[in-house]
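Please read the sequence and the structure below side by side. The briefing that follows takes up cavities, pockets, a sheet and selected helices.

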Amino acid sequence: MHMKIKKKIALWLLCCCAFGQAAAQDREDISLNDKQSFISHLLEQMTLDEKIGQLHQCSGRGNFTGPDTLHLPLEEYVRQGKVGTMLNIIGIKEIRKYQSLALQSRLHIPLIFGLDIIHGYRTGFPIPLAEAASFDLAMMEEAARCNALEGAADGQNWTFAPMVDISWDARWGRVMEGAGEDPYLGSKVAEARVKGLQGEQLGDTCSMMACVKHFAGYGAPMSGKDYNSVDMSMGQFANFYMPPYQAAVEAGAATVMSAFNDFQSIPCTSNRFLLTELLRERWGFKGIVVSDYSSVEELINHRVAENRKDAAAQAFQAGLDIEMVSQCYLRHLKELVQEGKVKEEVIDQAVGRILEKKYELGLFHDPYRFCNEARSNRIINSSRIRNSSLRMAERSVVLLKNERQTLPFSDMIRTVALIGSLGKSQFDMAGAWAGSVDRSKIVTLYDALIQRGIKVIYQEGYDIRSGKISSLNASLQAAQQADAVIVCLGERAEQSGESKSKANLNLPEGQQLLVEELAKTGKPIVSLLMCGRPLIFNEVRRHSPAILCTWWLGSEAGNAICNVLWGKYNPSGKLPMTFPANMGQVPIFYQYKSTGRPTRPHVHYCTSYIDSSTEPAYPFGFGLSFTSFRYGKPEIIPSDHPDHAHAFLRINISNTGSRDGEEVVQLYVQDKVARITRPVKELKGFQKVFLKAGESKTVTFPITDETLGYYDNDMHFTVEKGEFIFMTGGSSHDTQEVTYFHPFSKI
Ligand code: NOJ
């Protein structure tokens, strides 16, 4: 036998024996050499109870991300082999503790440890929606890489990310976790994040398993209420919601999480169409499917299951491998096998998939390989990670308004009035899902200003809880004494995220009134919008000469914002979600379909409101720069290689301002006449280009089946022949057109 393999087996046996358990004789026969034979040998030795244990996931104590589980005899369960994976165990010490208990189980099968690393493990990164605003895929891949580096260095093997749910509804608090409203952008971001998290291969001690969630349609709950029912046609699903899940699976995501909601009247957790027919049979997914937190048991609340046993049967038969937390599998699967309702071979397949991931992660070779304190100390908060967090944060900022060249500040601005407690709050700058992030290392805007030697006159201005003005006179005085005023507006971190749906997206009146009053001082005012979702702030838009959407930017928030304010970084972000002008417009998105009575100004019988415009406050893809860009006329260029592309679209772009800058060149398409109703425009390409002041570049987009096609109501991908209108520009509302004629159909 090869020496290296011999060594590995010896190592495995050694660590099992180290816990006082003589490794079973049959275990000694198992060679670690070949994954498949290792797994089948191991499976042969497992009792049905042990197999069911692998399908059970438990949450650690004290870090709940759902209903608590304090009553469980966790340690005992793990020692008895009744747990296959765990979530919410944080820190090497705790992970070692549970891993050593798992190794005391009869077959010494190690645990996988999972955690929601949504925008940073110890070092905070911008919330995912903010990162998506960068349209910078390489940077998002690097951000995900950094999240995995830190998590894996501290013992984690699995993160429940990326969330790839498309949403048009900012009332839904979880829009902050995704990439916004657009399926094309969402797919590209999903792919980048999976690659970043998983790296070259699982088993590197710097990679983690990704988990695509929430499959499927979770971003479209009725009325924007979290966990609410979802009802959509198959065509709607396939064209608008499905693409990012598929892209993430095709990028190699190791795991998928089923969603809490129902899909076509069957809860996703027990939805065989989603979990088996689409995911496994159509897309060829080979990894693990995990439920969301207690969602198997929640089949009873959905009123599709009579009791826990029925819930276990339905979820398992649908194709769900791991049950997160609720224990219906643990308690009832055995009985279901005995009654012939669940086949043991199918259990073997599910367990096989879990063992396979444990094998690929290298946990059979060394169950503690992710638990290395020296590596953890070296990697966590290292300069690479801090730098990446800073670069990601700068790129996530969106400049929404900049009148009278308020920004960037000149070096003459040495004294600022900083108004609003969000600018001083480490907690809020970390963002909504930052449970493990080291908040004491968050650089707030206040800290960053001070570190740069700026004199800061701070005033709370308004009460963050009530939204009412709390110190008007003092704020006005601060403004009078300063060279410029920075007002930090928005939401607290705990106001977006899971179970944080809102019926009102308006910025509190007090915050808006304060800006109006401050504007009267005539000082240069910049309003910063710190938030996890699109908000409505019409008075601020009216009165503030400059507005930046800074979201929640993580550990380097303050430094990133200062770099933008003083022009060290020229903002390049574009909105990944439409910002509504009023609540009645929500849900709002740019990709609406043509109706029989399309929206037209001054026409009565058309798709519109009688009491509001249909125009958003800021459209998808919008974002300004400190420089200006001019787009040339787009042209269609024939292709010499029709296998690769049917044609190309070419456009010239020039930086006409006096500063270097980056522009996100966006490509939209409209299928002029189709067999089914199609959107007025759809994003089908983008490129982020850097242009020096005065520089011009040519950008080329290939026109392929993916650019032109759509899914029909039976989920067949179709490309129709005929005219397509291509639109290019720096936002979904500011484009130039060219027509392309596609000569043949493909069904
Ligand atoms: C519930 C959330 O919906 C999901 O996104 C998360 O991964 C799990 N809880 C585990 O924390």
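Which residues lie nearest the centre of the largest cavity? Of the 14 residues that line this cavity, Ile 118, Pro 128, Asn 147, Ala 161 and Arg 193 lie nearest its centre. This is a predicted model, in which local features need pLDDT of at least 70 and side-chain atom pairs count only at pLDDT 80 or more, while totals for chains, interfaces and linings use all residues. Residues are numbered from 1 along each chain as its sequence is written, and side-chain values use heavy atoms, with hydrogens and water left out.

**Cavities**

- A search of the whole structure finds three cavities of 30 Å³ or more; a cavity is a set of points on a 1 Å grid over the protein atoms alone where a 1.4 Å probe fits but cannot get out, and lining residues have an atom within 4 Å of a point.
- The largest cavity has a volume of about 130 Å³, a volume being the space filled by probe spheres set on grid points that are joined across faces, edges and corners.
- Helix H7 (128–133), helix H8 and helix H9 (183–198) each supply at least two residues of its lining, and H8 gives the most, with three residues; helices (H or I, at least four residues) and strands (E, at least two) are DSSP runs numbered from the N terminus.
- The lining of the largest cavity comprises nine nonpolar, two polar and three charged residues, where Ala, Val, Leu, Ile, Met, Phe, Trp, Tyr, Cys and Pro count as nonpolar, Asp, Glu, Lys and Arg as charged, and the others, Gly among them, as polar.

**Pockets**

- The largest pocket has a volume of about 840 Å³; a pocket is an open set of points with protein on both sides within 12 Å along at least five of seven lines.
- Its lining consists of 36 residues, of which Tyr 184, Ser 187, Lys 188, Lys 684 and Glu 706 lie nearest the centre.
- Among the elements that give two or more residues to this lining are H8, H9, helix H10 (234–250) and strand E21 (682–691).
- By class, the lining of the largest pocket divides into 17 nonpolar, nine polar and ten charged residues.
- The second largest pocket, with a volume of about 670 Å³, is lined by 26 residues, including Phe 589 and Tyr 592.
- Eleven nonpolar, eleven polar and four charged residues make up the lining of the second largest pocket.

**The six-stranded sheet**

- An open sheet of six strands has the order E11-E16-E15-E14-E12-E13, with mixed pairing; two strands pair if DSSP finds at least two bridges between them.
- Strand E11 (398–402) and strand E13 (455–459) stand at the edges with a single partner strand each, so one side of each is left without a neighbour in the sheet.
- E11 and strand E16 (residues 546–549) run antiparallel and are joined by four bridges, with Asn 402 opposite Ala 546 in E16.

- In helix H6 (residues 92–102), the buried residues include Ile 92, Ile 95 and Tyr 98; buried means under 20% relative accessible area, exposed over 50%, and partly exposed in between (1.4 Å probe, protein chains only).
- The buried residues of H6 pack against several elements, among them helix H5 (74–79), strand E2 (85–87) and helix H8 (137–153), contact meaning heavy atoms within 4.5 Å.
- Arg 391, in helix H16 (residues 383–396), counts as partly exposed at 36% relative accessibility.
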